[in-house]
Amino acid sequence: MSDQPQTPETESENPTDATPQTETSLPTEQAVIQPTDDMVLISRTTINYVVIAVMFFVVGLIIGAVSFSSSENVNQEAIEVAIQNALVDAGLAQPRGDMQVLVDDDPFLGPEDAPIVIVEFSAYACPFCGRHFDDTLVPLLENYGEHIRYVYRDFPSINQDVSVPAALAANCAREQDAFWSYHETLFADQTNMIQSGGATSYFVQVAADLGLDTATFTPCLTNDTYIEEVSIDFNTGRSMGITGTPSFYINGTPHSGAQPYAYFETIIRRELTEAGIDF
């Protein structure tokens with residue numbers, strides 16, 4: 001498994017050894033088709049480029065037809081939906097998520113009935129996730145928090161020796177109504193957490209520093225009490241095609257990578273406008 005940066009900026013995981021994983025792994029050996037003289041092999045990348053080119057050509061024809069046949073402006077949202085659907089059909093994008101499945105019973109910040117729901121699939125030992133937390137999420141919630149329900153879900157595929165116990169520890173802290181303070185501490189102290197190698201002593205010390213009852217917290221962590229909860233999050237993400245962190249669903253629409261603050265703000269402001277909310 002590699003922790004090298006991906007494009008867009010997500011940390012990717014290897015689905016054959018991801019932990020925790022309760023579903024069947026991919027086979028380690030796969031049949032290889034040997035080419036013959038009358039076969040032409042085309043790479044998946046080439047096929048993807050062709051599909052994208054055809055898709056945008058068709059969308060261009062649609063825009064042109066609407067523009068010439070009507071004086072009204074082209075419905076930008078309809079065009080975006082058409083593009084998204086074409087990408088999904090081509091296997092180049094994730095489909096919209098079912099909000100009930102996405103939200104589940106995971107911890108959240110903000111009003112429960114907020115017009116904008118952001119669900120993040122993240123790993124505590126993912127550097128891009130840490131950067132997103134510092135540079136994007138914190139100011140986003142400061143500026144638009146009254147309109148956002150932010151849901152955190154575990155996808156500990158990166159640096160699993162650290163990310164898995166960190167996810168379990170945060171869930172143990174949730175037992176004592178301290179999930180968010182523990183969560184914020186892990187990202188704020190991400191470098192030291194990673195250097196600890198996922199040692200139980202590190203996570204117990206964080207709990208102690210936050211004033212948690214370590215006599216309750218420690219067996220919760222060492223007994224892997226919340227491994228099923230973490231696995232549910234992980235496998236939900238896998239079922240939706242997520243392979244890297246951070247990954248997001250904003251009102252059901254997928255977005256990948258530690259995009260800059262302006263990217264998220266543009267989406268938030270558009271969602272608020274569509275909801276008829278002044279900001």
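# Aromatic pairs and strand pairing

Modeller: In this predicted model, tyrosine 124 and tyrosine 152 are both buried.

Biologist: How are the rings of tyrosine 124 and tyrosine 152 placed: what is the distance between centres, and what is the angle of the planes?

Modeller: Their centres are 5.3 Å apart and their planes are at 35 degrees, so the pair counts as tilted.

Biologist: And where do tyrosine 124 and tyrosine 152 lie?

Modeller: Tyrosine 124 is in the loop between β3 (116-122) and α4 (127-144), while tyrosine 152 is in strand β4 (residues 148-154). The pair therefore ties together parts that are 28 residues apart in sequence.

Biologist: What about phenylalanine 133 and phenylalanine 187, what kind of aromatic pair do they form?

Modeller: A stacked one, with 5.2 Å centre to centre and 20 degrees between the planes. Phenylalanine 133 belongs to helix α4 and phenylalanine 187 to helix α6 (residues 179-188), so this pair links distant parts of the chain, 54 residues apart.

Biologist: Is phenylalanine 133 buried or exposed?

Modeller: Phenylalanine 133 has 11% relative accessibility, and the cut-off for buried is under 20%, so it counts as buried. Phenylalanine 187 is buried as well, with a relative accessible area of 5%.

Biologist: Which residues form the aromatic cluster?

Modeller: Tyr124, Phe133, Tyr150, Tyr152, Phe179, Trp180 and Phe187 form one cluster.

Biologist: How many aromatic pairs are there in the whole structure?

Modeller: A search of the whole structure gives 11.

Biologist: Something else: what lies over the face of phenylalanine 108?

Modeller: Arginine 149 does, at 4.0 Å from the ring centre.

Biologist: How do β3 and β6 pair, and over how many bridges?

Modeller: β3 and β6 run in the antiparallel sense, with 4 bridges.

Biologist: How many residues sit between the strands in the hairpin of β6 and β7?

Modeller: There are 2 residues between them, and asparagine 251 in this hairpin takes a positive phi near 50 degrees.

Terms used:
Residues numbered from 1 in each chain as written. Predicted model: local features only at pLDDT ≥ 70, side-chain atom pairs only at ≥ 80, totals over all residues. Heavy atoms only, no water. Phe/Tyr/Trp six-rings, centres within 6.5 Å; stacked < 30°, edge-to-face > 60°. Buried < 20%, exposed > 50% of the residue type's maximum accessible area, 1.4 Å probe, protein only. Lys NZ or Arg CZ within 6 Å of the ring centre and 35° of its normal. Pairing = 2+ DSSP bridges.
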